[in-house]
Amino acid sequence: MTIAAEPFDKEEETKTAFGKLNPNRYGILPVLVLIRNDSEETISLEDLRVEYITEARQRIEATPARDVAKTNSPARPRVTPGPWPGPVPRGTRNNPLNAWEIEGRAFVARMLPPGETASGFFYFHAPHRTGATLYVTGIKEARSRRALFYFEIPLDK
């Protein structure tokens, strides 16, 4: 099994994957993860867990892609006045993180047949820091459900 990870923390990197949207501007660090199954067994990724670990050993769990737009929402609801009594809450319609690129480019593979590769982004509510690592667990053989090993991938370039 081969796993590679690349944090997209620079403007030119995020432009290639997300176009005009730069999640880093909103406190979201996208990390591209690529997994290649070099074994002869199908691998289950259903219990895959990815954490961003800072140099100070602070663990930050990946934010599910469907929740990324919600992480940028303000603490109290923004409201707009209307002709009826009371304010009307506004939705996340104008939230820039509510773009198809966030969910469309997320890592979604649940099984990985022999010789195949899967890739996609995991999102972390943190800025990229020097000395950080990506900790990957929950990879199992599909047939026996036997847990394989964990990966600790340094994210320094």
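**Salt bridges and overall make-up**

Tutor: Lys 140 and Asp 47 form a salt bridge through their side chains, 2.8 Å from N to O. The two residues are 93 apart and link distant parts of the chain: Lys 140 belongs to strand β11 (residues 140-141), while Asp 47 is in the loop between β3 (43-44) and β4 (49-53). Keep in mind that this is a predicted model.

Student: What does Lys 70 pair with?

Tutor: The partner of Lys 70 is Asp 67, with 3.4 Å between the closest N and O atoms. Lys 70 is exposed because its relative accessibility is 54%, whereas Asp 67 is partly exposed at 22%.

Student: Which residues are joined into one network?

Tutor: Arg 49, Glu 51, Arg 59 and Glu 61, through salt bridges that share partners.

Student: And Lys 10, what does its side chain meet?

Tutor: Asp 9, in a salt bridge of 3.7 Å, N to O. Lys 10 is partly exposed at 38%, and Asp 9 is partly exposed at 23%.

Student: How many salt bridges does the count come to?

Tutor: The count is 12.

Student: Changing topic: what is the secondary structure of the protein chain?

Tutor: The chain has 3 helices and 12 strands. Of its 157 residues, 37% are buried.

Student: What about the accessible surface?

Tutor: About 9400 Å² for the protein chain, with 51% belonging to carbon and sulfur atoms.

Terms used: Residues are numbered from 1 along each chain as its sequence is written. This is a predicted model: local features need pLDDT of at least 70, side-chain atom pairs count only at pLDDT 80 or more; totals for chains, interfaces and linings use all residues. Side-chain values use heavy atoms; hydrogens and water are left out. Helices (H or I, at least four residues) and strands (E, at least two) are DSSP runs, numbered from the N terminus. Buried means under 20% relative accessible area, exposed over 50%, partly exposed in between (1.4 Å probe, protein chains only). Accessible areas come from the Shrake-Rupley method with a 1.4 Å probe; for residues, only the protein chains shown count as cover. A salt bridge is a side-chain nitrogen of Lys or Arg within 4 Å of a carboxyl oxygen of Asp or Glu.
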